[in-house]
Amino acid sequence: MPDTDHRLYLLAGAALFVIGFYSLLVQAHLLRRIMALNVMGSGVFLVFIALAAQTPGPIPDPVPHAMVLTGIVVSVCATGLALALADRVLAATGRVELGDDEDAAASSDATPVASDARKEKPAA
Amino acid sequence: MMRRLLLGILSLALLAALSWAVLSLPAKPTGLTEASLAKLPESGVTNPVTAVLLNYRGYDTLLEVGVLLLAIVGVWSLRRGEWPANDLRDRPLLQSLLRVVLPLLMLAAGYLLWIGGFAPGGAFQGGALLGGALVLAMLGGRGRRVLNHERLLRAGLVLGALVFAAVCAVTMLLTGGLLQYPPGSGGTWIMAIESAALISIGLTLGLLYLGGRPTDTTPPSPPAHPTKHA
């Protein structure tokens with residue numbers, strides 16, 4: 001393993017995590033939040049891979065590799081489940097946003113859609 | 001607006017903290033490379049990543065297969081998914097392409113599974129290919145014809161978890177340790193788990209795309225378990 005510097009990848013991983021974290025807090029739309037979680041996960045994977053590459057020895061450390069492999073599959077499944085849940089939220093409330101705080105209620109076009117959907121689907 | 005600004009400042013602070021954290025990690029961490037390589041001849045496979053996944057840390061992978069199953073069970077209980085419409089007659093080119101590509105993808109999935117024992121590859125990579133093949137088949141309008149057997153789908157989805165659990169039980173009986181394979185036969189156990197996991201992973205990933213329990217074609221709302229009065 002050549003003596004390379006992986007700090008750039010570590011920093012990029014941290015930056016990806018924080019970008020996702022910020023979006024998760026700021027965005028109200030559930031699809032955007034799910035995507036934000038995926039971006040956060042990608043940052044974690046990048047840090048793991050960079051750490052694996054830093055270890056001495058003939059090959060990169062296989063343990064973080066195996067963890068990332070596990071993590072990718074789990075993250076795909078979590079995304080699938082989250083999308084199904086988001087669709088249920090849409091079917092139940094007519095909105096693709098969570099929350100009953102004034103922020104969600106005040107957002108421009110959410111409320112009329114909600115009342116329409118409730119009329120259309122009484123027994124959801 | 002004020003809230004966004006505050007959250008932005010908080011995120012920047014988090015970025016600073018995380019950057020400091022990753023940079024302050026040792027530049028030459030000891031890692032587990034040597035430990036995993038030292039035991040590799042006993043693990044039954046020669047690909048160290050596969051050895052970690054299914055021998056040293058098989059417990060992780062067992063739980064992961066459980067997570068996959070939970071995810072698809074959750075999606076199936078939340079929604080119903082409709083097979084994409086079968087309009088292949090309008091797209092002869094896609095039909096010809098699928099006829100060639102689908103078998104190739106199946107073959108490649110099997111190849112990745114087999115090669116995982118001694119080179120990069122394994123059940124997860126093969127499962128991802130299999131899932132992609134299923135998505136392609138669904139997009140091409142073949143889902144209803146190929147996949148519309150819910151009992152078979154259910155069996156395939158739980159196969160990985162069942163075989164994994166069975167291997168756990170048998171190895172415990174044989175050696176007394178959870179997933180502690182009898183000496184010399186690790187490769188066989190690993191391949192048995194991986195073959196079953198390949199099918200379950202591929203089916204799970206493919207059916208997650210459908211986004212719900214497949215809707216039956218014949219009656220609009222049949223009972224979940226048709227009872228046969230004997």
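This is a predicted model: local features need pLDDT of at least 70, side-chain atom pairs count only at pLDDT 80 or more; totals for chains, interfaces and linings use all residues.
Leaving aside residues up to four places away in sequence, Ile72(B) touches Leu157(B), Thr204(B), Leu207(B) and Leu208(B).

Chain B contains 10 helices and two strands, and from the N terminus on its elements follow the order α-α-α-α-α-β-α-α-α-α-α-β. Chain A, by contrast, has five helices and zero strands, so that its pattern along the sequence is simply α-α-α-α-α.

Of the 230 residues in chain B, 35% are buried, while in chain A, which has 124 residues, the buried share is 31%. Among the contacts in chain B with a separation of 6 or more, 77% are between residues 24 or more positions apart; for chain A, the corresponding figure, for residues at least 24 apart among contacts at least 6 apart in sequence, is 51%. The radius of gyration of chain B is 22 Å, whereas a compact globule of 230 residues would have one near 17 Å, and the C-alpha atoms of chain B fill a box of roughly 65 × 60 × 45 Å along the principal axes.

## Where the chains meet

Where chain B meets chain A, 40 residues of chain B are in contact with 38 residues of chain A. On the chain B side, the elements that give two or more residues are helix H1 (2–23), helix H2 (33–38), helix H4 (48–56), helix H5 (58–78) and helix H10 (186–210), and the largest share, 10 residues, comes from H1(B). Sorted by class, this side of chain B has 22 nonpolar, 11 polar and seven charged residues.

Leu7(B) lies in helix H1 of chain B and, with residues up to four places away in sequence not counted, touches Tyr22(A), Leu25(A) and Val26(A). Leu7(B) is partly exposed, because 16 other C-beta atoms lie within 10 Å, a number that falls between the 12 or fewer of an exposed residue and the 20 or more of a buried one.

## A helix pair across the chains

Two packed helices are described by the angle between their axes and the distance between the axes. The axes of helix H3 (residues 62–93) of chain A and H10(B) come within 10 Å and cross at roughly 35 degrees, and the crossing is left-handed. In this contact, Val73(A), Val76(A), Cys77(A) and Gly80(A) of H3(A) meet Ile201(B), Thr204(B), Leu205(B) and Leu208(B) of H10(B); by class, there are six nonpolar, two polar and no charged residues.

## An enclosed helix

Is H4(B) largely enclosed or exposed? Nine of its nine residues are buried, and H4(B) is therefore largely enclosed by the rest of the structure. The buried residues of H4(B) run from Pro48(B), Val49(B), Thr50(B), Ala51(B) and Val52(B) on to Leu53(B), Leu54(B), Asn55(B) and Tyr56(B). What covers them includes H3 of chain A as well as H2, helix H3 (40–43), H5 and H10 of chain B.

How values were computed
Residues are numbered from 1 along each chain as its sequence is written. Chains are lettered from A and ligands numbered from 1 in the order in which they are written. Two residues are in contact if their C-beta atoms, placed from the backbone, lie within 7 Å. Helices (H or I, at least four residues) and strands (E, at least two) are DSSP runs, numbered from the N terminus. Ala, Val, Leu, Ile, Met, Phe, Trp, Tyr, Cys and Pro count as nonpolar, Asp, Glu, Lys and Arg as charged, and the others, Gly among them, as polar. Axes are lines fitted to C-alpha atoms, for helices over the stretch in contact, and angles run from 0 to 180 degrees between N-to-C directions. A crossing is left-handed if the near helix is turned anticlockwise from the far one by less than a right angle, and right-handed if clockwise. The radius of gyration is taken over C-alpha atoms; the globule rule is 2.2 Å times the number of residues to the power 0.38.
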